[in-house]
Each structure stands twice: as structure tokens, then as C-alpha cells.
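Reader: I'd like to learn how to read a protein structure, and I'm quite new to this. Could you take me through one?

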Amino acid sequence: VQLQAFGGGLVQAGGSLRLSCAPSGSVFSAGTMGWYRQVPGNERELVASISPAGGANYAGSGKGRFTISRDNAKNTVYLQMNSLKLEDTAVYYCYARLAVRLGDWLNYWGQGTQVTVSS
């Protein structure tokens, strides 16, 4: 199973993007899912996470501008990013705690999708 992220791209400051991420294969169950981002030279930082019940946690400057959601039927996590700023430019990585079979829980990372915000 691999996590596949989509939706990155180039957007002007003030614009919006929606990222999505889903596993490529079948999954027995999905736990916490979320998004991190990383700028070259910096550590990967948490953007937002969401529990299976839908409880969301936001970190950093995305609070109030970003919304995380998930579709449990599709094991897909989304990140709606509004009012994008230059400093939101980064590679965004999705992650998920997945069980491909009963009791077999592992952490998975997506390949990263570039978000570039221009002035």
C-alpha cells in the first residue's frame, strides 16, 4: 500500500488549493490521517491531523485558513487551503496510520506534493 497525494501546484497569494491523499491499495482500517509540510533546510512540520471520528487538530500558521477533512469510505484525507500566503510554499506530505489487515497498524507517508504560492 502506498499513499498518493494530489492537488499541489502554483497559485497566487490569496488563492486556494485543495490537496487530497488516498492509499493505492485496499485497507482494512484507517486511523489518524493528516498533513505535514517541509521547506528545504527546515524540519517537516505538522499542518493538520484528523481522527477517524473527525476530530481535527491544526498547527502553525494554517489555523483559520486551512481545513482538514476525510472520507472514511474512501480512506481519503483532504486539505483545503484558503488565503494562501508566500510562506505556505512547501512540499506537503500526507500521512496515515493504516491497517492493511486486522491489527496490523503501520504509519504511511505520501510522496509529497509541491505547493508554490507566488506574489
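Author: Let's begin with pairing: two strands pair if DSSP finds at least two bridges between them. Keep in mind that this is a predicted model. Here, strand β2 (residues 9-12) and β11 run parallel and are joined by 4 bridges.

Reader: Which residue in β11 is the bridge partner of Val 11?

Author: That's Val 117. β11 also has 3 bridges to β9, and these two strands run antiparallel. There, Ala 90 has Val 115 of β11 as its bridge partner.

Reader: How do I read the two faces of a strand?

Author: In a regular strand, side chains alternate between the two faces of the sheet.

Reader: Okay, now the inside. What should I look for?

Author: In soluble globular proteins, nonpolar side chains tend to be buried together. In this model, the largest nonpolar core has 27 residues, and Trp 35, Leu 79, Met 81 and Tyr 92 have the most contacts inside it. The elements that give it two or more residues are β1, β3, β4 (29-38), β5 (45-50), β7, β8, β9 (90-99) and β11 (113-118).

Reader: Which element gives the most to this core?

Author: β9 does, with 5 residues.

Reader: Is Ile 68 buried or exposed?

Author: A residue counts as buried under 20% relative accessible area. Ile 68 has 5%, so that makes it buried. You'll find Ile 68 in strand β7. Not counting residues up to four places away in sequence, Ile 68 touches a list of residues including Met 33, Trp 35, Ala 48, Ile 50, Tyr 58, Val 77 and Leu 79.

Reader: What about Trp 105, for contrast?

Author: Trp 105 belongs to strand β10 and is partly exposed, at 33% relative accessible area. Setting aside neighbours within four places in sequence, Trp 105 is in contact with Ser 29, Ala 30, Gly 31, Arg 97, Leu 98 and Ala 99. Between the C-alpha atoms of Trp 105 and Ser 26 there are 14 Å, and the two residues are 79 apart along the chain.

Reader: How do I read rings that sit together? How many aromatic pairs does a search of the whole structure find?

Author: The search finds 3. To name a pair, check the angle between the ring planes: over 60 degrees counts as edge-to-face. Tyr 36 and Tyr 95 have planes at 70 degrees and ring centres 5.4 Å apart, so their pair is edge-to-face. Tyr 36 lies in strand β4 and Tyr 95 in strand β9, so this pair ties together parts 59 residues apart in sequence. Tyr 36 is partly exposed, at 22% relative accessible area, whereas Tyr 95 is buried, at 15%.

Reader: And what kind of pair do Tyr 95 and Trp 109 form?

Author: A tilted one, with 40 degrees between the planes and 5.5 Å centre to centre. Trp 109 lies in strand β10 (residues 105-109), and the pair links distant parts of the chain, 14 residues apart. Trp 109 is partly exposed, at 40% relative accessibility. Put together, Tyr 36, Tyr 95 and Trp 109 form one aromatic cluster. Trp 109 has a charge on its ring as well: the charged end of Arg 44 sits over that ring, 4.8 Å from its centre.

Notes:
Residues are numbered from 1 along each chain as its sequence is written. This is a predicted model: local features need pLDDT of at least 70, side-chain atom pairs count only at pLDDT 80 or more; totals for chains, interfaces and linings use all residues. Side-chain values use heavy atoms; hydrogens and water are left out. A nonpolar core is a set of buried Ala, Val, Leu, Ile, Met, Phe, Trp, Tyr and Cys residues joined through side-chain atoms within 4.5 Å. Buried means under 20% relative accessible area, exposed over 50%, partly exposed in between (1.4 Å probe, protein chains only). Rings of Phe, Tyr and Trp (its six-membered ring) pair if their centres lie within 6.5 Å; planes under 30 degrees apart count as stacked, over 60 as edge-to-face and the rest as tilted. A charge sits over a ring if NZ of Lys or CZ of Arg is within 6 Å of the ring centre and within 35 degrees of the ring normal. Contact means heavy atoms within 4.5 Å.
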